[in-house]
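User: I'm new to this one. Could you pick a single part, take a close look at it and walk me through what's around it?

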Amino acid sequence: MYKLNEQKMFYDMAEGQAIVINFTTGMYYGTSSLGSAVLDALVAGAEPAQILTAVQALPDCPADMAEQLDAFIAALLEKEIIVAAEGGAAAMPEIGAASLQDGFVLSVDEFSEVQDLILADPVHDVDVEMGWPILNEQ
């Protein structure tokens, strides 16, 4: 079982698309439509086996979906979007045909275009001498 890495990540779903922001590095992540559904299920506490069963029930699911799911989860762990968690499995969110806008693709992409903006904290980082915003040093 996994959960969102709440120490570093902000997560939201908007119109079926996962939005993940690493507020310590300023990187943000996008996933394929199926990847968004799988990430949402993982964050909700579903077990990978439950997710695999749901995806394999969709018409024309590729035979290598178990390997694709393992690789996707490994990528989420590597990017520290999710972390291992203990506890019982939660209710499985529905993964339906609407999750297949990109087909049976499980991908997570990393973007840095707004990294400086995310790392700047314009609400709190104000100094009389330095002005606004004060960029965080990394």
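**A close look at T31**

Setting aside neighbours within four places in sequence, T31 touches Q17, A18, S36, L39, F72, S107 and V108, where contact means heavy atoms within 4.5 Å. Keep in mind that this is a predicted model, so local features need pLDDT of at least 70 and side-chain atom pairs count only at pLDDT 80 or more, while totals for chains, interfaces and linings use all residues. Residues are numbered from 1 along each chain as its sequence is written, and side-chain values use heavy atoms, with hydrogens and water left out.

Where does T31 sit? You'll find T31 in strand β4, residues 28–31; strands (E, at least two residues) and helices (H or I, at least four) are DSSP runs, numbered from the N terminus. T31 has a relative accessible area of 9%, so it counts as buried (under 20%; over 50% is exposed, and in between is partly exposed, using a 1.4 Å probe and protein chains only).

Two of its partners deserve a second look. With S36, T31 makes a side-chain to side-chain polar contact at 2.5 Å. That term means a pair of N or O atoms within 3.5 Å; within protein, one must be able to donate a hydrogen and the other to accept it, and residues adjacent in sequence count only if both atoms are side-chain atoms. Then there's F72: it is 41 residues from T31 in sequence, yet their C-alpha atoms are 9.9 Å apart in space.
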